[in-house]
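Please look at the sequence and the structure before reading on.

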Amino acid sequence: MFPEISPSGAPQPFLPLLAPSPLAPFTNTTQPKLSGLCLLNFTAAESLMTMTSIDCWSVFAPLLANVICCPQLEATLAILIGQSSKDTNLLALNGTVAKHCLSDIEQILVGQGANDSLKQICSIHSSNLTEASCPVKDVNEFDNTVDTSKLLAACEEIDPVRECCDQVCQNAILEAATKISLKASELLSMGGSHVLPEHSAKISDCKSIVLRWLASKLAPAQAKEVLRGLSNCNVNKVCPLVFPDMKHVTKGCGNEISNWTACCTAMESYVSHLQKQSFITNLQALDCATSLGIKLRKSNITRDVYGLCHISLKDFSLQEVGCLLPSKPSDATFDMSSGISFLCDLNDNIPAPWPNTSQVSASSCKKNVKIPALPAATSAQSGLGIDNTIIILFLASSILLTKLL
């Protein structure tokens, strides 16, 4: 079913089309029952809300949660509040209004076909729409505390590849968040950015305020690109998979691998559990392969079982379509005739790298590692249908993931 690609050749992306379920067709939108107590301007962000509904569509929301759905939902919340601050002069909602607004947002998204458990899937609470522990939510106070021209210059446009390594915008956000987090403290005069730990709860809450301020200064579409680019820097740093107990692999592949068949059977069984969890990006797969390899080495498995058992990067992602998502931010798309689709990087013949003894993590910012660009589809041919919900289309295009290794 998959095209033959030599290890040195450029792997080709493909586009799985996820047809809407007969039980909950995407086109059957329902009229949401809004509270009437939320003042957020949903009409001004109509296209953004629609995109979020598509990214978080029904059955596939949990499978796309880490890479597509939840980053898009979080960006939407920040933009809605940021845009409303133009009228309210506030970068946060109070607790009561936040509950009504989150409920209304959920009603609108679900009415357009989104999963009805987004709050659970993305761990979103009404408190995420408030200022939480950040002492500043007033726009004027924010402007008087932060070097806003410097912040806007650093973040109004970002390169989603370079930003993850250079952290120009991220550092500007941290600086602004640190300043406003100390606004109510006398410590502000003592050299702000070194007083509190970088990852303290208060600074984290203030980063949300900074992101909303940025969203208020940019058009919704531009703000979305910036926020999704920033979130993807964090997404690609971490392997989202949960590694189950590996005692069967340790048993099968221990003792200098006396039985290769038993070892690979154990490895394949173990990896099959990982393949049921979610779609991940190619860089996440690289990190997952490194993380698992380090765990295996610590279990006294010193041979390269990835090479021995032909484990590739795509083996760490959901296997209904053998799909790795691009490392750059991407969205699902909806077509009336074919349903929901999203772009994947098909990297069949890129082997999972076995970590060396000194390796602690896989970093995409190493000089010999290049983050792949988003594949550009040029043509397609129809493929094979799977369980009545998935059709695979192969696209003639090349990407840069081969330079990862």
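A salt bridge here is a side-chain nitrogen of Lys or Arg within 4 Å of a carboxyl oxygen of Asp or Glu. The model is predicted, and by this rule it contains 9 salt bridges. Side chains of opposite charge can pair when their charged atoms come close.

**Pair in helix α7**
- Aspartate 166 and arginine 162 form a salt bridge, with 3.4 Å between their closest N and O atoms.
- Both residues belong to helix α7 (residues 162-166), where a spacing of 4 residues puts about one helical turn between aspartate 166 and arginine 162.
- Aspartate 166 is partly exposed at 42% relative accessibility, whereas arginine 162 is exposed at 55%.

**Pair in helix α8**
- Glutamate 175 is joined to lysine 179 by a salt bridge of 3.8 Å, N to O.
- The two residues sit 4 residues apart in helix α8 (residues 168-181), about one turn of the helix.
- Glutamate 175 is partly exposed, with a relative accessibility of 31%, and lysine 179 is partly exposed too, at 30%.

**Pair between helices α3 and α4**
- Lysine 119 and glutamate 106 meet through their side chains in a salt bridge of 3.6 Å, N to O.
- This pair links distant parts of the chain, with lysine 119 in helix α4 (residues 118-121) and glutamate 106 in helix α3 (residues 95-111), 13 residues apart.
- Glutamate 106 counts as buried because its relative accessibility of 18% falls under the 20% cut-off.
- Lysine 119 is partly exposed, with a relative accessible area of 30%.

Technical notes: Residues are numbered from 1 along each chain as its sequence is written. This is a predicted model: local features need pLDDT of at least 70, side-chain atom pairs count only at pLDDT 80 or more; totals for chains, interfaces and linings use all residues. Side-chain values use heavy atoms; hydrogens and water are left out. Buried means under 20% relative accessible area, exposed over 50%, partly exposed in between (1.4 Å probe, protein chains only).
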